[in-house]
Amino acid sequence: MGKLIKKNTTIQVGIWITKQYFELVWFAQDKMTENTPHFCRVNIDTPNSIQATLVEHMSNHINIQRPLEIKWVTAMLPHKVWSKSIILPHHLNENECDHQCRYILENELPIALDELWFDYMTTPLKQGLRLDIFAVRKAVGQTRLIQFLPLNIKTLDTAVHCLYRAFGYLFKTTPSSNDLFIYQDQQSTILFRQTLQEWQILSSPNQTNLTELYQQFVQRYEQNIDNILLYCETNNIQFHQPYQQVTSDIPLIPLGAALWQKDWQQNENRT
């Protein structure tokens, strides 16, 4: 018998939309299986059945006692998101970070602040702080969320962050700053890595030629790349650089969304 979920328990579910399906990923909530992602699909034409289908699949792993609260997390593709990394000589508190973000957005984007959704991440450095800022037009974000109605999605992440967590989860380690990640599915192609100074991101909203996009990435960022880790939804990979192919039975973007604000690095013995 599965673990009994008590009332008012919240399960976080990563959700992504493709041309054919809604893809849902979640983790069970007991000690034996909490490191194992579960996955199901719902046809794109039946959005009203998403939650019922999810609960049905969850009941195969856990004994559900209603009411069950679901926290939905989805993401935006990088070509829809403005981002900037800055290095500051000293640490900032939350209010100071917010003020710094607003100052930069007001001075660098020709868009009023009240027309934006923005968020930030901080990374402590030996001397100072790295501040990563991400912003999207409200209208663009709202259009994205409408695609998931009738679900009430309150967490909108970036696809790059989801992929970074997913790759880290699959390899059971924090990615190196010299690792370049390449992701390609039917909808997009994304190249990215995180260095000590910044997020380096190059993407295309379609299945762009991988070699050409890689050359653009190298020319733009002009830094050494030690390893290339490539995930491609199809087996027809046309890429002329040495790489390590990444495979997964679980789709990567909703997997990373399900890991939002979860410390996946603390568990080293995943199965």
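Q: Which residues line the largest cavity?
A: The general idea: on a 1 Å grid over the protein atoms alone, a cavity is a set of points where a 1.4 Å probe fits but cannot get out, and lining residues have an atom within 4 Å of a point. In this predicted model, the lining consists of Trp16, Thr18, Glu23, Tyr183, Asp185, Tyr231, Glu233 and Pro251. Residues are numbered from 1 along each chain as its sequence is written. Local features need pLDDT of at least 70 and side-chain atom pairs count only at pLDDT 80 or more, while totals for chains, interfaces and linings use all residues; side-chain values use heavy atoms, with hydrogens and water left out.

Q: How much space lies in the largest cavity?
A: A volume here is the space filled by probe spheres set on the points, with grid points joined across faces, edges and corners. The largest cavity holds about 50 Å³, and the count of cavities of 30 Å³ or more comes to one.

Q: Is Gln12 buried or exposed?
A: Buried means under 20% relative accessible area, exposed over 50%, and partly exposed in between (1.4 Å probe, protein chains only). Gln12 has 10% relative accessibility, so it counts as buried. Across the protein, buried residues make up 47% of the 271 residues.

Q: What lies around the side chain of Gln12?
A: Look for polar contacts: pairs of N or O atoms within 3.5 Å where, within protein, one must be able to donate a hydrogen and the other to accept it, and residues adjacent in sequence count only if both atoms are side-chain atoms. A polar atom of the Gln12 side chain lies 3.0 Å from the backbone oxygen of Ala258, and one lies 2.8 Å from the backbone oxygen of Trp260. Leaving aside neighbours within four places in sequence, Gln12 also has contacts (heavy atoms within 4.5 Å) with residues including Val25, Trp26, Lys71 and Val73.

Q: In what order do the five strands of the open sheet run?
A: Strands (E, at least two residues) and helices (H or I, at least four) are DSSP runs, numbered from the N terminus, and two strands pair if DSSP finds at least two bridges between them. Here the order is S13-S12-S11-S14-S15, with mixed pairing. S13 (199–204) and S15 (244–245) are at the edges with a single partner strand each, so one side of each has no neighbour in the sheet. S14 (residues 227–232) pairs with S15 in the parallel sense over two bridges, and Leu230 stands opposite Gln245 in S15.

Conventions. 1 Å grid on protein atoms, 1.4 Å probe; cavity = no way out; pocket = protein on both sides within 12 Å on 5 of 7 lines; lining within 4 Å.
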